[in-house]
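Hi,

Here is the structure I promised to pass on to you. Have a look at it first, and then read my notes below.

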Amino acid sequence: MIMVCFVGLREEKVVRVARATLPKYFLEDLGREGLEVVSGVKRVAGVCRLIPRVMAEAFLKEYTEFEVVVGREVKMIRGRYVGFLRKESEGRLGQAKFDQNEMIGFGSSSSYFDYDHHQLFSRCKQVYLVTPEEKRKWSPLSRDQYPRPLIFHDGRLAFRPTPQATLAMFMWLPLALPLTVLRTIIFVKLPYSISVAIGSVIGVTTRVINSPVDTGKVGSEPHAQPSPQGHLYVCNHRTLLDPVYISAMLNKQVSTVTYSVSRVSELLSPIGTVRLTRNRDEDWRRMEQSLKQGDLVVCPEGTTCREPYLLRFSPLFVELVDEVYPVALVNWSSMFHGTSTGNFKYLDHFYYFMNPRPAYDVQFMDKMPTRMVIQGKRCESKEVANLVQGEIGRILGFRSTTLTRKDKYLRLAGNEGFADTKQ
C-alpha cells in the first residue's frame, strides 16, 4: 500500500497532505489514554512503526508536541518517491539533542527491538510501549478534548476511509457521476420553484428557516415601495453554492461577489457574479454598483470553513448600506467535501453534488443596522462586522475566530490564497 500511495509523488506534495488532510483522521484515532501519557511532558520522542515518518511527523509535532519522530523512510530518486522503504538513518537521531533526564519515549511494544528505534529509546529516561490489545481499549477523544482545535483541513473525502466505507464509495461512483451532471443541469437551467422540488426527489435536501417569501419580510409585500438600492445579504461561507441556495430560497435572482473562483464556476453559476480584486476602493465601487442593480450576497469570511467555526468577517460590507440581512448556513456532506484549496477548485460543486444526499439549512435572520451606538460611542465598521459574525455564530452554535483566508491557505496550501492573475 505504501508503494501504491507514494510512487511518483514529490516530497512537497506528500508533506502538504500530511499537514492539511491527515490530522483530521489522526485526531479521530487519537486515544485519550495515550494522550494523557504524553500530556505535560516537556520532551517526547515518538516511534512511528507501521506508516512512513513523513505521514505522521507533522501531526505528532503540531498537535501532540512531540519533539522527535522516528519512523520508516520512503526511498526517493531525483526528488520523487519510488515507494520502497528503508530503515531510519542514524543522521536523524544524531541531529536531535537528547537529555536522558527529560526525554520520554513512546511507541508500540514490537518496535523496541528494531535497531534504530532501540538507539532512540536507549537515550530516553522512560519508555512507554503499547500493545495492540491495549490500544483497542483506548477511548476516542471528543472534539472539545483535542490537543488543539481542528479548524482547517483539506482533502475531498468526508468520511473515515475504512475498507468498507471506501468500497461503498467505489460502488457509488458509477451512479454518482451521471447523477451529479443531472443535478447540475437542473439547478442551472430550471427556475428555482421547479429545481428545488425536483432536487428533493433526486436526493438534494434543502431546509429554509424564517423564509422571507413565506413571512412577507424583506420587501416582498405586494405594494412595497421600490428601493433605490438592493438588499445586502451577509452569510457565513460553507461552499461556493451558498449564494445560489440563498437565491433559491428567496425565489429571485441575486448577485454575489467572488474571488479566486474559476471561470468554469462563473460560467455555470445561475446567478450573477461580481469579481473582486482585493483592492478596497475598487471592490467597494463594484459592490455599490451591483447593489444599485439589485440584491447582493456577500460572504465576508472570504473563504470557506468546513468545521463549526467562523473566520474573521471583513468589514467592507458595513460601509455599503445602513442595514444588512444576515443568513446562517450549514451543510452536510457524507462522502465528498465540496471545497478545496488545490488546483481543481472548479470541481467543487461537482463533488458536493456527488454526495448521496447533500443537505443545506438556510436560516434568514432579522436585519441588523450597520450604524450602531453602544454606550454613547458609535461603533466602527470592524466592531459591527464582529457583531454580525457573533450573531450568525450564536444561531449556528459556531465559535468565532480572528483567523482569515490568508491563515487558511498558509496552513493548507503553503501560499496566501491570492488569485491567479492569468486565470
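Is arginine 411 buried or exposed? With a relative accessibility of 14%, arginine 411 counts as buried, because buried means under 20% relative accessible area, exposed means over 50%, and partly exposed lies in between (1.4 Å probe, protein chains only).

Before you go further, please keep in mind that this is a predicted model, in which local features need pLDDT of at least 70 and side-chain atom pairs count only at pLDDT 80 or more, while totals for chains, interfaces and linings use all residues. Residues are numbered from 1 along each chain as its sequence is written, and side-chain values use heavy atoms, with hydrogens and water left out.

Now to the salt bridges. A salt bridge here is a side-chain nitrogen of Lys or Arg within 4 Å of a carboxyl oxygen of Asp or Glu, and the structure holds 24 of them. Arginine 411 takes part in one with glutamate 62, at 2.4 Å from N to O. This pair links distant parts of the chain, since glutamate 62 sits in helix α5 and arginine 411 in helix α17 (residues 405-412), 349 residues apart. Helices (H or I, at least four residues) and strands (E, at least two) are DSSP runs, numbered from the N terminus. Glutamate 62 is partly exposed, its relative accessible area being 24%.

Glutamate 57 and arginine 53 are both buried.

Another bridge joins aspartate 154 and arginine 306, whose closest N and O atoms are 3.6 Å apart. Aspartate 154 is in the loop between α8 (132-136) and α9 (163-189), and arginine 306 is in the loop between β11 (296-298) and β12 (309-310), so the bridge ties together parts 152 residues apart in sequence. Both aspartate 154 and arginine 306 are buried.

Finally, how do two helices meet? The axes (lines fitted to C-alpha atoms, over the stretch in contact) of α2 (residues 11-20) and α5 (residues 53-63) come within 8 Å and cross at roughly 40°, with angles running from 0 to 180 degrees between N-to-C directions. The two helices are therefore oblique to each other: under 35 degrees counts as roughly parallel, over 145 as roughly antiparallel, 65 to 115 as roughly perpendicular and the rest as oblique. The contact (heavy atoms within 4.5 Å) is made by Val14, Val15, Ala18 and Arg19 of α2 and Val54, Met55, Ala58 and Glu62 of α5.

Happy exploring!
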